[in-house]
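Please keep the sequence and the structure in view while reading.

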Amino acid sequence: MKKIEAVIKPFKLDEVREALADMGVSGLTVTEVKGFGRQKGHTELYRGAEYVVDFLPKMKVEVVVESDQAEAVVDTIVKAAHTGKIGDGKIFVCPVEHVVRIRTGETNESAI
């Protein structure tokens, strides 16, 4: 099993969610996060005062899928989240050793 974490622009969340649902991904976790990469934040003007926004709002989407689905899920997220502009985000893929569904005690593949 693989855990796929994608950090994306907030306005792309619905497109990513719909694309994953269309390919049969049954569950995901979404977290509002802040961060920066190469863009290093930016300067904004508010009521005549200039201030620096160091951490930009992002969404982190987490999905656990079987290993043979991982590449297709990554490709789907890339297509749905792509804008072609700086700050589109990153995707991290990590192995998952063990999963337990708390309600039933099911483990591993039957738990996802």
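Two strands are said to pair if DSSP finds at least two bridges between them. In this predicted model, strand β1 (residues 2-8) and strand β5 are joined by 7 bridges and run antiparallel. Strand β2 (residues 29-35) also pairs with β5 in the antiparallel sense, again over 7 bridges.

## The sheet

These pairings belong to an open sheet of 4 strands, whose order is β2-β5-β1-β6 and whose pairing is antiparallel. At its edges stand β2 and β6 (89-95), each of which pairs on one side only. Neighbouring strands of the sheet are turned against each other by 20° on average, direction ignored.

| Residue | Residue opposite in β5 |
|---|---|
| Thr29 | Glu62 |

Strand β5 (residues 56-65) is largely enclosed by the rest of the structure, because 7 of its 10 residues are buried. A residue counts as buried when its relative accessible area is under 20%.

## The helices and the core

Helix α1 lies across β1, β2 and β5, and runs at about 10° to β5. Helix α2 lies across β1, β5 and β6, and runs at about 10° to β1.

The largest nonpolar core has 17 residues, of which Ile4, Ile8, Val16, Leu20, Val73 and Ile77 touch the most other members. Two or more residues of this core come from each of β1, α1 (13-22), β5 and α2. The element that gives the most is α2, with 6 residues.

Leu20 illustrates how these parts meet. Leaving aside its neighbours within four places in sequence, Leu20 is in contact with Val25, Leu28, Val61, Val63, Val73, Thr76 and Ile77.

## Thr76

One of the contacts of Leu20 is Thr76, which is placed in helix α2 (residues 70-81). Not counting residues up to four places away in sequence, Thr76 touches Ala19, Leu20 and Met23. What does the side chain of Thr76 reach at 2.9 Å? The side chain of Thr76 reaches the backbone oxygen of Ala72 at that distance. Thr76 may also be located relative to Ile91: the two residues are 15 residues apart in sequence and 11 Å apart in space, C-alpha to C-alpha.

## Lys9

Lys9 lies in the loop between β1 and α1. Is Lys9 buried or exposed? Its relative accessible area is 14%; the limit for a buried residue is under 20%, and Lys9 is therefore buried.

The surroundings of Lys9 can be described residue by residue. Not counting residues up to four places away in sequence, Lys9 touches Lys58, Thr83, Lys85, Ile86, Gly87 and Asp88.

Notes: Residues numbered from 1 in each chain as written. Predicted model: local features only at pLDDT ≥ 70, side-chain atom pairs only at ≥ 80, totals over all residues. Heavy atoms only, no water. Contact = heavy atoms within 4.5 Å. Polar contact = N/O pair within 3.5 Å; in protein donor to acceptor, adjacent residues only side chain to side chain. Buried < 20%, exposed > 50% of the residue type's maximum accessible area, 1.4 Å probe, protein only. Core = buried A, V, L, I, M, F, W, Y, C linked by side-chain atoms within 4.5 Å. Axes fitted to C-alpha atoms, helices over the stretch in contact; angles between N-to-C directions.
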